[in-house]
Amino acid sequence: MEIAARLLAQEGPRSLSTRRIAAEAGSSTMAVYTHFGGMSELVREIVHEGFGRLAGYFARVRETDDPVADLALLGRAYRYNAQTNPHLYAIMFGGTSLSGFTLTEDDRQHGRYNLIDVVTCANRCIGSGRFRPADPGLVAHQMWIAVHGIVTLELGEYFIEPWSADTCFEVQLTNLMIGAGDSIEATTASIAASAARFPDEVATAPPG
């Protein structure tokens with residue numbers, strides 16, 4: 001799956017063939033059919049694997065008495081997953097053309113189960129009084145859209161100094177929380193707490 005995702009991301013759908021994948025994997029062409037049944041099924045498994053890895057990183061975020069820090073850490077986990085699995089990420093969200101490899105609507109919506117974690121956390125932020133009353137699902141979507149946009153630009157290497165990806169990401173996190181109703185002081189403390197938790201809580205080992 002890693003090889004197929006890399007080929008799709010770097011060279012497009014024409015690069016995908018059982019012979020090419022088998023050669024790069026040091027295996028036989030039959031291995032692709034034995035494990036996946038065909039190329040479309042392989043691409044589908046790439047999408048599912050990518051979302052599974054994202055779920056693994058989300059699962060590493062502990063629930064604490066600071067829900068805004070928890071939410072910010074989910075954003076950091078989302079970004080880290082993309083940085084760690086860029087080829088899978090490109091396939092998951094259509095950054096790579098899948099012409100000739102048809103995914104169903106169910107396949108495209110498969111990864112939305114990950115959003116449940118963000119919705120739950122956003123609801124805790126609202127319930128604690130840190131965020132203004134709102135639809136937690138809509139708040140979660142706003143967070144997802146904003147972080148996804150930054151991550152996509154980052155993977156495309158569109159950021160330049162002095163507006164680096166790190167700088168823009170931190171400012172975006174802060175503005176998202178304040179925009180949802182949190183105070184500047186409380187947000188600043190929570191964003192800092194999420195950054196302190198990130199190395200040990202998210203980035204120390206592969207999810208699982």
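## Arginine 76

Arginine 76 lies in helix H5, which covers residues 67-84; helices (H or I, at least four residues) and strands (E, at least two) are DSSP runs numbered from the N terminus. With a relative accessibility of 8%, arginine 76 counts as buried, a term that denotes under 20% relative accessible area (1.4 Å probe, protein chains only).

The side chain of arginine 76 forms a polar contact of 2.6 Å with the side chain of glutamate 170. Such a contact is a pair of N or O atoms within 3.5 Å; within protein, one must be able to donate a hydrogen and the other to accept it, and residues adjacent in sequence count only if both atoms are side-chain atoms. Neighbours within four places in sequence aside, arginine 76 is in contact (heavy atoms within 4.5 Å) with Phe169, Glu170, Leu173, Ile191, Ser194, Ala195 and Phe198.

## Basis of the model

The model is predicted: local features need pLDDT of at least 70, side-chain atom pairs count only at pLDDT 80 or more, and totals for chains, interfaces and linings use all residues. Residues are numbered from 1 along each chain as its sequence is written, and side-chain values use heavy atoms, with hydrogens and water left out.

## The chain as a whole

The chain contains 11 helices and zero strands. Its C-alpha trace spans about 60 × 35 × 30 Å along the principal axes. Of its 208 residues, 43% count as buried. Among contacts between residues at least 6 apart in sequence, 71% join residues at least 24 apart.

Methods. Buried < 20%, exposed > 50% of the residue type's maximum accessible area, 1.4 Å probe, protein only.
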